[in-house]
Amino acid sequence: MKMWNNLTLVTAMLAMSVVAQADTLGGIYASVDYWAVQGNYNDSRRVGDALDVDDVGLAQFAVSIEHPVPLVPNVRIRHVTMDVDTQQKIAGQPTYNVDVNNTDVIAYYELLDNVVSVDAGVAAKALDGDIQYLGIHTWKLSETVPMLYGSVGGKLPFTGLSTKAEALISVDNQLKVSDVSAEVKYDFIDTLLVDVGAKVGYRILDVDLSSKKSLDNKFRFDGVYAGLEVHF
């Protein structure tokens, strides 16, 4: 309860600090990316060392809704379904399969919105799915992790080029999660009605649930992603 009270306090402080900073135009940002994932998985109950996972391509989606209303936060939703096998196999069966939906719901305020942009807010990361051992034993994973959110970006005027870095950091000692990314984007369509940009970046998702009694899982997925973003 104390943790959620702290998040509420942070949200209120952010709101008070950006009353005059609301985006005058707002809009909807939608993107889809191909994420080339590598990484490792560890379950210390059965395997002492982390196991590398098969390289795999995942689709990740994001939608942001921004508006000019003061005090009301903007909303960003991101989703990726992580379906990844470990490289180590026994009798042709992957030792572990991680099949987990990762959905982020983010409420944020724009502290700056010009050549340099800065956003800050709070989020909830929902991790929901199954982890299988040799296709026989299955553990259900259903956790909602409270997070702090921040992003910083910059535009190179008259070029269509921009950069952005964003991070989600958990505030729960039993659910240690971080999700960070950085990207470069080029807007090849820039009109009054719509902007369309191509982007490339790198994302690192690090999940450590080993402090929670019912779980002992750690996994780290990272890799390059590339995709398109549309701004209406």
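Modeller: Happy to! Let's start at Val207, which, leaving aside its neighbours within four places in sequence, is in contact with Leu127, Lys176, Val177, Asn217, Lys218 and Phe219; contact means heavy atoms within 4.5 Å. Please keep in mind that this is a predicted model, where local features need pLDDT of at least 70 and side-chain atom pairs count only at pLDDT 80 or more, while totals for chains, interfaces and linings use all residues. Residues are numbered from 1 along each chain as its sequence is written, and side-chain values use heavy atoms, with hydrogens and water left out.

Val207 and Leu127 are also among the residues with the most contacts inside the largest nonpolar core, which has 32 residues; Trp35, Tyr41, Met82, Tyr96 and Phe221 are the others. Such a core is a set of buried Ala, Val, Leu, Ile, Met, Phe, Trp, Tyr and Cys residues joined through side-chain atoms within 4.5 Å, and buried means under 20% relative accessible area, exposed over 50% and partly exposed in between (1.4 Å probe, protein chains only). Elements that give two or more residues to this core include strand E1 (27-43), strand E12 and strand E13 (217-231). Strands are DSSP runs of E with at least two residues, numbered from the N terminus.

E12 spans residues 195-208 and runs antiparallel to E11, with 14 bridges joining the two; strands pair if DSSP finds at least two bridges between them. A hairpin of four residues links E11 to E12. On its other pairing, E11 (residues 176-190) is antiparallel to E10 (residues 161-170), through nine bridges. Lys185 of E11 stands opposite Ser162, and its bridge partner in E12 is Lys199.

Now for the rings: the whole structure holds four aromatic pairs, counted when ring centres of Phe, Tyr or Trp (its six-membered ring) lie within 6.5 Å, with planes under 30 degrees apart stacked, over 60 edge-to-face and the rest tilted. Tyr96 and Tyr133 have centres 5.2 Å apart and planes at 50°, so this pair is tilted. Because Tyr96 lies in E7 and Tyr133 in E8, the pair ties together parts 37 residues apart in sequence. Both Tyr96 and Tyr133 are buried. Phe219 and Phe221 make a stacked pair, at 5.1 Å centre to centre and 25° between planes. Phe219 is buried at 1% relative accessible area, and Phe221 is buried at 0%.
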